[in-house]
Structure formats: structure tokens, C-alpha cells
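Here is a short briefing to read alongside your structure.

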Amino acid sequence: WYLPFQCRNSIDIKATYVVMSALNLHAINLLFTCTVVCVYEMKLLILITSCLLLVSPAIAQGTPLHIEPLCAALSQSETYANPDNKDFQNLVLGSHGWLFRTRVDLKSRFVLSSDTINYISRLNSALARNDTRLVVAVLPTRGITSGTNLPLPFSNLYNKKRATANYLSMLDDIRLSGVSVADMSGVDAVQDYFLPQDNHWTSDGANFTAARVAEVIKNLPAYKDMPREEYKSETSVKSDMAPLSSRLLEFVNESCGTTYVAKEYPKGFVTSPAKSESSDDNLFGDKKPTIAVVGTSNSTEPAPSYANFVGFLREKLSSDILNVAISGGSLDGSIVNFLTNGGYQQARPKILIWEVSAYYGFNRQSFFREIIPAIQGKCSGDEEAANWTGGIKKTGSTVSVSYTHLRAHQTDS
């Protein structure tokens with residue numbers, strides 16, 4: 001039953017196996033499924049997809065299927081050919097209505113290059129020189145928290161324990177660079193951390209992470225001198241919440257021509273000051289927040305997740321927080337925007353929280369080269385790091401840069 005198969009998207013593949021397992025044999029009727037799996041030194045690296053199902057009428061009397069393909073299109077590479085769809089590879093249906101993306105949700109290796117560690121350290125140092133302390137909150141993958149809902153054969157092939165250990169090891173690597181990192185140990189036991197049919201987290205996941213971030217911040221010297229303001233979180237009224245927009249289920253409907261409807265949000269929360277706005281403490285105008293959050297749509301308020309991450313932070317830290325997270329901003333969108341568009345220079349937060357998902361990885365180094373110098377603000381006079389005169393010309397898809405004068409000098413930024 002061995003078939004050759006060319007695995008792509010990784011230079012680490014050492015061996016390729018095609019595993020075919022018989023699920024049901026009833027008289028002359030055969031049910032079998034073949035699963036393509038790429039293995040790196042016996043560690044699960046990429047699960048490609050279920051690729052064949054032959055169903056006989058006798059199965060109605062036989063063993064129940066463990067894998068129920070939503071439609072054939074979700075097993076075809078063409079469905080994910082568009083770069084915008086690569087993060088959906090390959091959607092499979094698990095138990096209790098869970099949807100998993102085998103490409104990102106089942107990631108088990110979280111390795112930071114030495115260059116990336118150096119860039120993170122330099123970012124932290126540049127912020128510290130401007131009296132800002134960086135705190136990083138890295139969300140786990142959906143496989144780490146909810147892998148018990150995976151269907152066969154993925155539930156047997158995905159090593160949740162190893163993935164969790166590698167994820168926590170990555171956090172240790174960031175921590176060793178001098179950056180304050182939220183301790184996420186025990187997160188693999190929070191089974192309701194994510195929504196079953198969406199890539200966003202639940203209020204349980206957001207509350208767990210906010211508590212871990214708050215633990216780190218409360219031990220920072222910068223926090224001890226911050227003004228306090230009490231906040232209170234309360235359950236949201238369902239009518240105040242928009243219908244759950246499940247991007248995973250939307251992709252299923254687009255690909256399969258189905259009309260599945262997402263489950264409702266389990267619950268939502270809203271956080272507000274414990275004292276009314278008319279209290280004496282607010283007579284002299286709003287206080288400037290000394291904490292800021294950059295991050296993804298998991299941090300934006302209130303939609304799309306209604307998880308209330310920043311609200312929980314306000315409550316646990318008794319402090320207002322400037323939320324500049326961007327929906328769809330990926331790893332770098334929010335932090336690049338905040339540090340380069342003048343927002344950071346205006347806010348000058350004492351603490352900057354960076355929320356990001358583990359499956360992105362940090363090995364995108366080009367944006368570090370953009371944001372680290374930007375922390376210093378605009379250059380002028382003797383403070384400039386470089387002076388360039390020239391032109392930029394675009395011809396078709398090619399951009400050419402020419403210069404007639406270039407002057408640069410050494411700077412510690």
C-alpha cells in the first residue's frame with residue numbers, strides 16, 4: 001500500500017510515508033481511507049489530508065466512521081491555492097463540531113532562530129531606553145488546548161504533549177532574551193480556550209491569559225507607581241453581541257456550497273469602571289493610559305471574539321489600557337502601525353503588551369528592522385542615522401531605487 005508523495009513547504013522533511021488503514025471489512029464490501037502524512041524524525045510535522053473514501057451500503061450496519069469529510073473540495077490542494085486561503089489548510093471535522101486546520105492548528109515545532117532572538121532582544125532594549133517595558137503574551141495553538149477533539153487518524157498522530165513542551169520552550173527562549181513573557185503553563189488543560197468553529201478564543205481563554213499577563217505586570221517596577229482605577233467585568237447581554245462570524249465555517253460554506261450556521265458565542269463579557277463617570281475622580285478629564293496593547297483580532301473590542309481580553313486586563317490591573325490591536329493584523333500589523341505612525345510617540349506607555357498567536361512564529365525579521373529605529377521617533381539634525389537623496393521608479397511589478405547621495409553614521413538605535 002506504499003505510494004510515493006512529494007511533501008512541500010518544509011526543508012526539514014526527512015522521510016515521507018503514506019499510511020493506509022482499513023476501517024471496516026464487511027463480506028465483500030471494503031471501506032478504507034488513506035491518509036498522507038509527512039514525518040520528520042518520527043515527529044508529526046504536516047498532516048496533508050484524508051484522500052480517499054470508498055463507502056459501501058453495508059456500512060450502515062458496520063462500524064461508525066471516525067472521519068466525516070465535509071466535502072471533497074476540502075481535500076483538494078486547489079481549494080487552498082489562493083495565498084489568502086493557505087491558513088485554512090486542511091480543514092477537517094472533529095468531534096463535537098470542532099473544525100481544525102491541520103497546517104496551523106496542529107503545528108508542533110516552535111523554533112526561533114538566533115537572529116530572531118537577537119531582534120526581539122533589540123526591540124526590548126529600544127523600548128526600555130524610552131522607558132517602556134515590553135510584555136509578550138503568546139497564545140497557544142488550537143491543537144494544544146483542544147486536541148482531544150481531533151478525528152482519527154489525527155488524534156493518534158498529533159502529539160499534544162510534545163507540541164505543548166515545544167511551545168513552552170519557545171516562551172522560555174523569548175524570556176531568556178530579557179523580555180517579560182506571560183507564563184502559559186497549564187494552558188493545555190483549558191479545553192474551552194478557543195471557539196469550536198472559529199480561530200478566535202473564548203472569554204475563558206482570554207481570562208486565563210489576562211490573569212497570566214497581569215501576574216507578570218504586577219511584578220514590574222513600572223506598575224507599582226501607576227495610578228489605580230477599579231474596573232468590573234459583567235456578562236454581556238446576548239442582544240448586544242453580533243451573530244458569531246465563524247471564518248472557518250464561512251470557508252467551509254464557500255468551498256462546499258453548504259449553508260452551515262455557526263454555534264452561538266458561549267458567553268461574552270464587558271468591563272467598565274466600577275465608579276460612575278460622574279464621580280469626583282473624573283471631574284478633571286480622562287487620565288492618559290499608561291499601558292497599551294498591540295495585537296490581533298483576539299484583542300480588539302468588542303468584536304469579533306467578544307472575549308474581553310483587554311477588559312479583563314483592566315479589571316485585574318485596576319488600570320485603563322490603550323487598545324490599538326488590529327483585526328487581521330497578523331503577527332506584525334498592530335505593532336508596526338503603533339510604533340511607526342506616531343501613536344507610540346504620543347502615548348508613551350510605561351508598559352506595552354504584545355498579544356500574538358504561536359502559529360505565526362516570530363521568524364519574520366524584516367518588520368523588526370522597521371520598528372526598532374522607529375521607536376526613537378523622527379530624525380532631525382545631528383540625530384539622524386542616515387541621509388539619502390535619490391529616486392524611486394516603478395515599472396510594472398519592479399521597483400528600482402537610485403541614489404545620488406547617501407550619508408550614514410553609527411547609532412545605538
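A crossing is called left-handed if the near helix is turned anticlockwise from the far one by less than a right angle, and right-handed if clockwise. This is a predicted model, in which local features need pLDDT of at least 70 and side-chain atom pairs count only at pLDDT 80 or more, while totals for chains, interfaces and linings use all residues. Residues are numbered from 1 along each chain as its sequence is written, and side-chain values use heavy atoms, leaving out hydrogens and water.

**The helix pair**
- Helix α9 (residues 333-340) packs with helix α11 (residues 366-374) at an angle of about 30°, their axes lying 9 Å apart.
- That makes the two helices, α9 and α11, roughly parallel (angles under 35 degrees count as such).
- The crossing of α9 and α11 is left-handed.
- From α9, Ile335, Val336, Leu339 and Thr340 meet Phe367, Glu370, Ile371 and Ala374 of α11 (contact means heavy atoms within 4.5 Å).
- Sorted by class, the α9 contact with α11 has 6 nonpolar, 1 polar and 1 charged residues.

**Strand β12 and its cover**
- In strand β12 (residues 351-357), 7 of its 7 residues are buried (under 20% relative accessible area, 1.4 Å probe, protein chains only).
- Ile351, Ile353, Glu355 and Ser357 are buried on one side of β12, and Leu352, Trp354 and Val356 on the other.

**Partners of β12**
- Strands pair if DSSP finds at least two bridges between them.
- Strand β6 (residues 133-139) pairs with β12 in the parallel sense over 7 bridges, and Arg133 stands opposite Ile351.
- Strand β10 (residues 291-294) runs parallel to β12, joined by 4 bridges, with Ile351 as the bridge partner of Ile291.

Note on methods. Buried < 20%, exposed > 50% of the residue type's maximum accessible area, 1.4 Å probe, protein only. Axes fitted to C-alpha atoms, helices over the stretch in contact; angles between N-to-C directions. Parallel < 35°, antiparallel > 145°, perpendicular 65-115°, else oblique. Nonpolar A, V, L, I, M, F, W, Y, C, P; charged D, E, K, R; others polar.
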